[in-house]
Amino acid sequence: MNDTRTGDIRQALGEHDFFAAMDPRHLDTLAQMSRWSDHAAGSWLACAGDAPDSFHAIVRGRVGIEITATGRAPLVVATVHAGDVVGWSWFIGRQPWQFDVVALDDVRSIALDVNGVLDACDRSDDLRDEITTRLLRVVADRLRSARLQLVDLYGRAR
Amino acid sequence: MAALVEPVVGGIDPLTPVPHRVVAVDRETSDVVTLTLDPLSEVLVPALPGQFVMVWAFGVGEIPVSVSGVDDAGRFALTVRAVGPVSNAVVAARPGDTLGARGPYGTAWPIADAKDRDVLVVAGGLGLAPLRTAIDELGGGGPRRLTVVVGAREPDQVLFTADQRRWRDLGVDVQITVDAASWRWDGAVGTATDVVARLGAAHDIAFVCGPELMMTSAARAAIAQGTDPANVWVSLERNMHCGIAHCGRCQLGALLLCRDGAVVRWDRVVELLRERGR
Amino acid sequence: MDRSRVIDPQKGLDALVRELAAAGYRVVGPIVRDGAIVYDDVTSGSDLPTGCASDQAPGRWRLRIDDEPTRFGWTPGADSWKRFLAPAHQEVLRIRRHDGSWVSEAPPPPDRPLALVGARDCELRAVAVLDRVLLDADRPDAQYAGRRRDTFVVATTCGVPSATCWCTSIGGGPQPHHGFDLRLTELHEGGHRLLVESGSELGTEVLGRIPGRLATDVDHVAAEAVVARAVEHLPPRLPGSDLPALLAGSASHARWEQVAQRCLSCGNCTMVCPTCFCSTFDDTTVLTDDGSAPVETVRRQHWASCFELDHSNLGGVPVRATIAARYRQWLTHKLETWPAQFEVTGCVGCGRCTTWCPAAIDIVHEAGVLIGADDRSGAGRREEQP
């Protein structure tokens, strides 16, 4: 196993699907506000209502987006896998985390500092466009899935 | 006359339900069972993967059901969800009961085209039933690579879990996703489309079966991953009533789905599926 | 033996019906009943209409009777031979409980073959379409096969097409050329008589037993004139063989919604259509006295219509929930998709669907709008009349 603290984070960012084909200068900038983050299975990456400090590019393992309501068992409504990111509410007016995020396996992610990224976006419209487009794709995929899940597809006879 | 073709009279009427004994009932989920039927008299032609039979419950009625297993002795398996009067009667059958069946009808998954290729199978809900025999055949080492994506509502709604273990042992990449789960669930949560979109590799040929909405979504994802639309196959359902292209009720555009389907090429139906109320 | 003869319109027809009955046929032909021409069993040539004509227009069929001795001056009513070959209601199977299982039996085929008297070209082409669908299938329809077997066909040349006829636009014409044993052509010029031509060995045999005389060139020339005059009444209205290609892109045409405003979804068009074959099967079950178990099930088949809401049921919900979707299914099946399914055109141009539509919807006019063609005949312009 690689030492999680010493892996080349700049290289890892460049190899991550979310940042694929991004301008190397932007990657250099983002690498400066990134750190490795490891989470044991069953631990939380974030909880609903938490202030947004970082978002995660998943490198290994699965995280679950989980909804907890009193009197009901916690329910995972989506899993986020290696190559995808979790957390985007921060990008719209630094909103807090909307849902719990739980590590379903031993998870390694790249945690990107939200304040750093937003400041960098203020300095570079091009970087802001890049992040906006990429996050919008994530949101669109999550929304498509949520809609399909909403109709209880499989409940009826095929 | 004047007979434009020579009519054939006699033989078994094609609408006759052939009696079969229920020899096994395996409960798959809370409302889905797999029945094994053994012929009592006439033996039906073994169903090809993807074909269906008309199943008849005496005194209740008849429904189309995909064949989910076959053996050499004329036995076959049907996986049925209880939704209407007939399917409820079929699901309630016990070993020793008699059910009628006629068929098999319709087209099959093009298994031969999958030899030495990268094959993607996507199944949603009960859609795994008509793909089960196809995966069994493909799992024997035909394709170069076989990826099976299974979508279900909840973990306890996943069908054929024992088969899935067996397929994995054969080297099949089986990926299961559900709409919602507890954190104890060790598969994915999301849609089959999400899983297909994450594969990150094009497959040469794709077999997709499930609810229509799931199929259109998953087929598009497979195509976005690089599969040629002419190599994507889906299994469509309409009001199959007679099974033999006489009653006209299962039409979808120019297709009589009991005869020209249920398994059809995606590029031949994509526009029809887009047209509301076809 | 003579292959064409001339017979008397009264005595000759009498003899023909008598000969067919004597040869063991169930003879079915046109009769006048309830102010319309219908098809039913006939025992004598005099059962067939005399002096009858029919006025047809979209939404209109009226019988006109005059003093003329004409025998085939009418065009068909709502009835077609479909009713005899694939009846509106029929038992197809009877299943009885037996020894922990069941035994089943299909009704025996009819004891006598049918003889159809007075069939037009459109109607023979319609029978050919039904043959294609129900006999040429992987699994032929056993009931249809039994009824269709050894059918004897007495065709007739259509001398007086109606205003809703459009057979020449879709592969037909006033005179049948195939699928008959005998062909009648009613001649008036030079004396009222029927020219009878044989289309089969059996037809020639039967013809030999009918009193009459040898046909001459004069008779044949007169028959050609009848056909030519009829064709004049059948101007081209649609490019029939091109319709599948021309309609292929019409699925989201605004016209479907417009016609749906008028269409009652009553299904009349499908019932009177001589090629509409859609059907449904119903099981009726007799239970034991205590109601605990089935004893016998009778499976009956009856005509169904794509205008019925449950026709397209899928999981209890109709796929074609709107009238626009159902009208589109009807028209595109007839004129666009049928050849892809059965390698023949589904429409024979008989005009029944237009005549018997209570909303006077003219399929030719609708198809013309859909393909952007100019319907020159003017028949479609009557659509706004009540």
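Predicted model: local features only at pLDDT ≥ 70, side-chain atom pairs only at ≥ 80, totals over all residues.
In chain C, eight strands form an open sheet with mixed pairing, and their order is β3-β2-β8-β9-β10-β11-β1-β12. The edges of this sheet are β3 (36–41) and β12 (213–214) of chain C, each of which has a single partner strand, so one side of each is left without a neighbour in the sheet.

**Interface of chain C and chain B**

- Chain C brings 61 residues to this contact and chain B brings 49 residues, and between them the two chains bury about 4500 Å², with 58% of that area on carbon and sulfur atoms.
- Two salt bridges are counted between chain C and chain B, and a salt bridge also joins the side chains of R249(B) and D310(C), with an N to O distance of 3.7 Å.
- Polar contacts across the interface of chain C and chain B amount to 22 residue pairs, both residues of each being at pLDDT 80 or more.
- The elements of chain C that each supply at least two residues to the side touching chain B include the strands β6 (89–98), β7 (101–105), β13 (279–287) and β14 (294–303), together with the helices α3 and α4 (142–148).
- Helix α10 (323–342) of chain C is also among these elements, and α10(C) gives the largest share of the side of chain C that touches chain B, namely nine residues.
- Sorted by class, the side of chain C that touches chain B consists of 27 nonpolar, 19 polar and 15 charged residues.

**Interface of chain B and chain A**

- Here 36 residues of chain B are in contact with 23 residues of chain A, and the area buried between the two chains is about 2400 Å², of which 57% comes from carbon and sulfur atoms.
- Of the area that chain B buries against chain A, 22% is supplied by D179(B), W183(B) and V189(B), which is more than any other three residues give.
- One salt bridge is found across the interface of chain B and chain A; the side chains of R144(A) and D194(B) meet in a salt bridge at 3.2 Å, N to O.
- Between chain B and chain A, 10 residue pairs are in polar contact, both residues being at pLDDT 80 or more.
- On the side of chain B that touches chain A, at least two residues come from each of β8 (145–152), β10 (188–189), α4 (192–198) and α5 (212–224) of chain B, and α4(B) gives the most, with four residues.
- By class, this side of chain B has 16 nonpolar, 13 polar and seven charged residues.

**Backbone features**

- In chain B, a cis peptide bond with omega of about -5 degrees joins G103(B) and P104(B), and P104(B) has its place in strand β6 (residues 98–105) of chain B.
- Another cis peptide bond joins G261(B) and A262(B), with omega of about 0 degrees; A262(B) lies in the loop between α6 (257–260) and β15 (263–265) of chain B.
- In chain A, the residue A21(A), which is not a glycine, has a positive phi near 60 degrees, and A21(A) is found in the loop between α1 (9–15) and α2 (24–31) of chain A.

Terms used:
Residues numbered from 1 in each chain as written. Chains lettered and ligands numbered in written order. Heavy atoms only, no water. Pairing = 2+ DSSP bridges. Contact = heavy atoms within 4.5 Å. Buried area = accessible area lost by both parts, 1.4 Å probe. Salt bridge = Lys/Arg side-chain N within 4 Å of Asp/Glu carboxyl O. Polar contact = N/O pair within 3.5 Å; in protein donor to acceptor, adjacent residues only side chain to side chain. Nonpolar A, V, L, I, M, F, W, Y, C, P; charged D, E, K, R; others polar.
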